[in-house]
Amino acid sequence: MKLEDKINVISGIGTKRAEMYNKLGIFTVKDLLYHFPRGYLDYTSPVPVMETKPDENSVVCVRIDKKMRPAFIRKGMTIYRVTASDESGTILITIYNSEYLYNSLETDKEYILYGKITGNLLHREITSPYVLKADEECKIQPVYPLTEGLTQQMLRVTVKKALKALDNEIFEPIPKKYLLKNNLSSLVYSLSNIHFPKDTEALTLAKNRLVFDELLVLQLGMSLIKNHSHTETGCVMKNLPVDEFYKSLPFELTNAQKRSIDECVGDMHKNTSMNRLVQGDVGSGKTVVAAACSYFAYKNGYQTALMAPTEILAAQHYETLKNFLEPLGLNVCLLTGSTTIKNKNEIKRRLVEGKYHVAVGTHALIQSTTEFENLGLVITDEQHRFGVEQRALLSNKGNNPHRLVMSATPIPRTLALMIYGDLDISVIDELPKGRKPIMTYAVTGKLRERAYSFTKEQLDEGRQAYVVCPMIEEGELDLKSVEKYAKEISTKQFKNYRVGLLHGKMPSDKKDKIMLDFKEHKIDLLVCTTVVEVGVDVANATVMIIENAERFGLSQLHQLRGRVGRGEYQSHCILVTDNVTEDSKNRLKILSKTNDGFRISEEDLKLRGPGDFFGQRQHGLPSLKIADMAENTKALNIAQSCAKEILSDDNKLSKNENSQLRKLVDELFDKKIDLN
Ligand code: ADP
Ligand code: MG
């Protein structure tokens, strides 16, 4: 048997059963070995029967005394009773329906039982326990994720057979010197012990090694992409001063903004292409950084393309950049789906001729057919849509232009290193002076009317407001559909105001129209779903009510409330929730206490783990089987330094000793990382 073999080479697996394994993502013997247990049953430390505590899970080691005759209660219900004992006392075992389990217990033989104990001080019972023969060598038994038709026992037996395949192969992707240095057990040992641990210590060793492997391979992949993306650029820029730009601004830049601009300018001045992320909380002023970089490129005779995820954001960036840059002599254009064909052609013609210095548009438009005279800088406003792969493949237009990514999702450092491992990072960790922190309150539905009255007062003063609802269709219990919600308040509480509705299922031109109306204050109150999350700037909006706030992650709530507090007025965010569990209250409290997105994301990550934190695979990272990035900071650091060491010796991972590692990298990223 070989690791690459299909699983039906394992005895006992035919075509039909193989299909069940396929459902679990298991196709080869190796896949099976990497189908890790989701937990373990630990039979290592039995206690005397009479020392067990009723209503607690316990492990006891007993000899079977007597098997009573099965009691047929009714069709489909048979009860089997067995008595057993150890030196301290006896226990009654009750088994429902499982003839198999009943038959497997033999009188006078010893077994270890695992289960919930019931009874009283003098008398112990256990119902349908997990059972292990006392002479079984593996006292810690794996519990696997299953699918219909497969049982734990089947998997255990099959995995044991598969483990034999390891004996036939030298299976060790990591060169020995790195294992020794980092105190790691061999892969063969680790795979055996992740399934059938000799003891808890062996299990820990096994886990450490397997976590390490995943993180190392991930890190290697990210580094390969990163090194590759720092290719030679044809757009080396001179270190020209940008003072005129600074002077033209109506405000003083924050130190964090200045630092970020310096870092970008420093990159563009090198002869490898910039590949940098500017990360900053909502409202931290990322756009000015983008404008400064565009100006720097312009001074050097290069054009800039800025890509936004939606039309409305593109339009907004266009306005902003125009305001900053046109007074300095730059020509800025906007290219979106709603630009008429005639205008599009005209704009494109002028771009090729170099008459426009900055082009702002949606991703699709700028990436596909647009050509530039001399493109030197590509800026993407990603908001929170990451994508390692997309970034790696991004535009090879022009002469290897510099690339700048802007993201408004503050993420903890450990995670940033992973997700943005292929980028250099600048952090804007300071808000412009004079910003008033958004006042945030969590209330129950009983106070909704008061929240409405407060909102009306603000509207009467000429301000605008948002109400955010979690979902668009009716269905789940008491979640109000946005449509119904909007209808209701627009005919009742807010009948004297202009109420608009915005949700994700609307066609995008309609969405843009509504957003524009709101921006132009043709709408006072906007009822919406999370579609407003993407950075639309309406400085006049000062209130946001968020319904069913418990449904959202903290970081998401923080992003949402970033839609208010963007102007000179004091802003408010009211979180409405009827979920008054301690957990939920504590979570929301964090938001009232701080406006610091980084702190919030740390908390969020702690509470939810990285999977939920980003939603399903939104982070664009390959999915990891065992390594939980939030908990494995130390392993992550070790993996990072090890990856560095390996690459410093073999920067494309092409040496023979690293061939297995290279294969793992390609597998994890689901495709070959193209380094040519
Ligand atoms: P974000 O980082 O969320 O994209 P923006 O770039 O949209 O933030 O900036 C938010 C607002 O703050 C804009 O109106 C912008 O003009 C303003 N702003 C940016 N930097 C400063 C600064 N240093 N001082 C004052 N206002 C600033
Ligand atoms: Mg922005």
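**Close-up views of the predicted model**

**Figure 1. Strand β2 beside strand β4.** Strand β4 (residues 77-86) is joined to β2 by four bridges, and the two strands run antiparallel. Strands pair when DSSP finds at least two bridges between them; strands (E, at least two residues) and helices (H or I, at least four) are DSSP runs numbered from the N terminus. Residues are numbered from 1 along each chain as its sequence is written, with chains lettered from A and ligands numbered from 1 in the order in which they are written.

**Figure 2. The hairpins on either side of strand β4.** Strand β3 (residues 71-74) is joined to β4 by three bridges in an antiparallel arrangement, with R74 standing opposite M77 in β4. The two strands β3 and β4 form a hairpin with two residues between them. In that turn, G76 has a positive phi of about 85 degrees. Strand β4 also pairs with strand β5 (residues 89-96), in the antiparallel sense and over eight bridges. Here R81 stands opposite T94 in β5. Two residues lie between β4 and β5, which form a hairpin as well.

**Figure 3. Strand β6 and its antiparallel partners.** Seven bridges connect β6 (residues 110-119) to strand β2 (residues 57-67), and these strands run antiparallel. Within this pair, V60 stands opposite L113 in β6. Strand β8 (residues 130-133) pairs with β6 over four bridges, again in the antiparallel sense, and K133 in β8 faces Y111 as its opposite residue. Strand β7 (residues 124-127) pairs antiparallel with β6 over three bridges; the bridge partner of G119 in β7 is R124. A hairpin is formed by β6 and β7, with four residues between them.

**Figure 4. An open sheet of six parallel strands.** The strands of this sheet follow the order β17-β22-β21-β18-β20-β19, and their pairing is parallel. At the edges are β17 (439-443) and β19 (499-502), each of which pairs on one side only. On average, neighbouring strands of the sheet are turned by 15 degrees against each other, direction ignored. Such angles run from 0 to 180 degrees between N-to-C directions of axes, which are lines fitted to C-alpha atoms, for helices over the stretch in contact. Within the sheet, strand β18 (residues 464-468) runs parallel to strand β21 (residues 541-546), and five bridges join the two. Between these strands, A541 in β21 is the bridge partner of Q464.

Figure 5. Helix α16 (residues 448-460) lies across β18, β20 (525-528), β21 and β22 (572-576); contact means heavy atoms within 4.5 Å. The helix runs at about 165 degrees to β21.

**Figure 6. The surroundings of ligand 1.** A shell of 16 residues surrounds ligand 1, each with a heavy atom within 4 Å of the molecule. The closest are E252, G283, K286, T287 and R435. Helix α10 (residues 286-299) supplies the largest share of the shell, three residues.

**Figure 7. Polar contacts of ligand 1.** A polar contact is a pair of N or O atoms within 3.5 Å. The backbone of G283 places an N or O atom 2.6 Å from an oxygen atom of ligand 1. From R435, a polar side-chain atom lies 2.6 Å from an oxygen atom of the ligand. For R566, the distance from a polar side-chain atom to an oxygen atom of ligand 1 is 3.2 Å. Taken alone, the ligand exposes 570 Å², of which the protein buries 79% (Shrake-Rupley method, 1.4 Å probe).

Technical notes. Predicted model: local features only at pLDDT ≥ 70, side-chain atom pairs only at ≥ 80, totals over all residues. Heavy atoms only, no water. Polar contact = N/O pair within 3.5 Å; in protein donor to acceptor, adjacent residues only side chain to side chain.
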